[in-house]
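Student: I am new to this structure and would like to walk through it with you. Could we take it step by step?

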Amino acid sequence: MAGLRTLLALLVVAVVAVAGCGNTGGGSSSGGGGKKIALLLPESKTARYEAKDRPLFQDKVKALCSDCQVLYSNANQDSAAQQSQAEAALTNGAAVLVLDAVDGAAAAGIAQKAKAQNVPVISYDRLILNSAAVNYYISFDNVAVGKLQGTALLQALTGKTSPSIVMINGDPADNNAKLFKQGAHSVLDGKVTVAKEYDTPNWSGDQAQNEMQQALTALANKVDGVYAANDTTGGAAIAAMKSAGVRPLPPTTGQDADLAAIQRILIGEQYMTVYKAIKPEAEGAAELAVDLALGKQVPSSMVNGKTNNGAADVPSILLTPQTVTKSTIGTTVIQDGYWTKEQLCTSQYADACKTAGIT
Ligand code: BGC
């Protein structure tokens, strides 16, 4: 009896260990036998990766190749961990790497290792820098993202004389953060005073909140607007302003159309976000990956540009980002099915939904 119980306990531990792999960032696989496709995502604090990118990618791979397997891992913003995860995927027989790099420069090492084993690499969302071993890049026009954020912020500041803003940029190791910052500066410079500006390592919300707190102290709470590079940092800046008693809250930007951000926009706490339709990005990457894994020709119609990464012009698929403010929630993220009215308009937000005409 005791022996049986021990055996059962061991079995439970084994099953839990196998099931838990995907959630611990250790890498897991789904699907049948056949070709293996590695999806390496950078972090899990930003909602999009586990809620959108991962399932959309996995479902599309399954639809295109029922016996392909997705080897999934998430690096939780640890570049060394991502390196090990990529090496593990290669050892495990991955036929293609779809890599969303924690650190664009460090990821060149991963691309090099893959190339040495004749494994093609797709640079997903964030560009892998200084490497000729990158086969495709699929992302959004990320300078345009920064321009949309800057333009919306200027719009919100119409009528303010000599407005001054705080800029909370993303992680400097992420090439996208550089592009968002560049796009934002290209429209804001000369029109506003940038009173304080920070780069936020790891896109950390905690760090962004500290940065905003420091800025508020230095500026005696006098801030007309906040440029935050994404919804995590935007939400953190808003939290810092709320706890410092800043009233009314100045317009704050974001990006990712996180559900929490759309709800903040609804109730007037956040001014805007940038909606990047993850479906065509994740599904496009899945199509590329399956073609490459099966040795098929990628249709040239998929590619709409080239991006120089410092070592090569990488054939690119670049998608178009979209601004979302309170008045366009219905015609963007709701209309596109990114969020349903039911997800958005929970009891706490029901009145705000009604006022915004989302019913
Ligand atoms: C992505 C954003 C995301 C950020 C933090 C960027 O590379 O494009 O969508 O918010 O990383 O993960």
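Student: Which residues in helix 3 meet residues in helix 4, and which are their partners?

Tutor: Happy to start there, and please keep in mind that this is a predicted model. Helix 3 covers residues 79-91 and helix 4 covers residues 107-116. From helix 3 come Gln82, Gln83, Ala86, Glu87 and Leu90, and they meet Ile110, Lys113 and Ala114 in helix 4.

Student: How do the residues of that contact divide into nonpolar, polar and charged?

Tutor: Glu87 in helix 3 and Lys113 in helix 4 are among the residues that meet, and Asp, Glu, Lys and Arg count as charged. The division for this contact is four nonpolar, two polar and two charged.

Student: Is helix 3 roughly parallel or roughly antiparallel to helix 4?

Tutor: The two helices pack at an angle of about 10°, with their axes 10 Å apart. Angles under 35 degrees count as roughly parallel. Therefore helix 3 and helix 4 are roughly parallel.

Student: What parts of the structure does the pair of Phe180 and Trp203 tie together?

Tutor: A search of the whole structure finds three aromatic pairs. Phe180 and Trp203 form an edge-to-face pair, with 6.1 Å from centre to centre and 65° between the planes. Their parts are 23 residues apart in sequence, and the pair ties together helix 6, which holds Phe180, and the loop between strand 8 and helix 7, which holds Trp203.

Student: Are Phe180 and Trp203 buried or exposed?

Tutor: Buried means under 20% relative accessible area. Phe180 has 2%, and Trp203 has 6%. So Phe180 is buried, and Trp203 is buried.

Student: Which residue has its charged end over the ring of Tyr338?

Tutor: Tyr338 belongs to a cluster that ring pairs link together, along with Tyr275 and Trp339. The charged end in question is 4.2 Å from the centre of the Tyr338 ring. That residue also lies over the face of Trp339, at 4.3 Å from the ring centre. The name you want is Lys52.

Student: Is Ser162 buried or exposed?

Tutor: Ser162 lies in the loop between helix 5 and strand 7, and its phi is near 40°, a positive value in a residue other than glycine. Exposed means over 50% relative accessible area. At 66%, Ser162 is therefore exposed.

Student: And Asp256, is that residue buried or exposed?

Tutor: Asp256 is in the loop between helix 8 and helix 9, and it has a positive phi of about 115° although it is not a glycine. Its relative accessible area is 7%, so Asp256 is buried.

Terms used:
Residues numbered from 1 in each chain as written. Predicted model: local features only at pLDDT ≥ 70, side-chain atom pairs only at ≥ 80, totals over all residues. Heavy atoms only, no water. Axes fitted to C-alpha atoms, helices over the stretch in contact; angles between N-to-C directions. Helix = DSSP H or I, 4+ residues; strand = E, 2+ residues; numbered from the N terminus. Parallel < 35°, antiparallel > 145°, perpendicular 65-115°, else oblique. Contact = heavy atoms within 4.5 Å. Phe/Tyr/Trp six-rings, centres within 6.5 Å; stacked < 30°, edge-to-face > 60°. Buried < 20%, exposed > 50% of the residue type's maximum accessible area, 1.4 Å probe, protein only. Lys NZ or Arg CZ within 6 Å of the ring centre and 35° of its normal.
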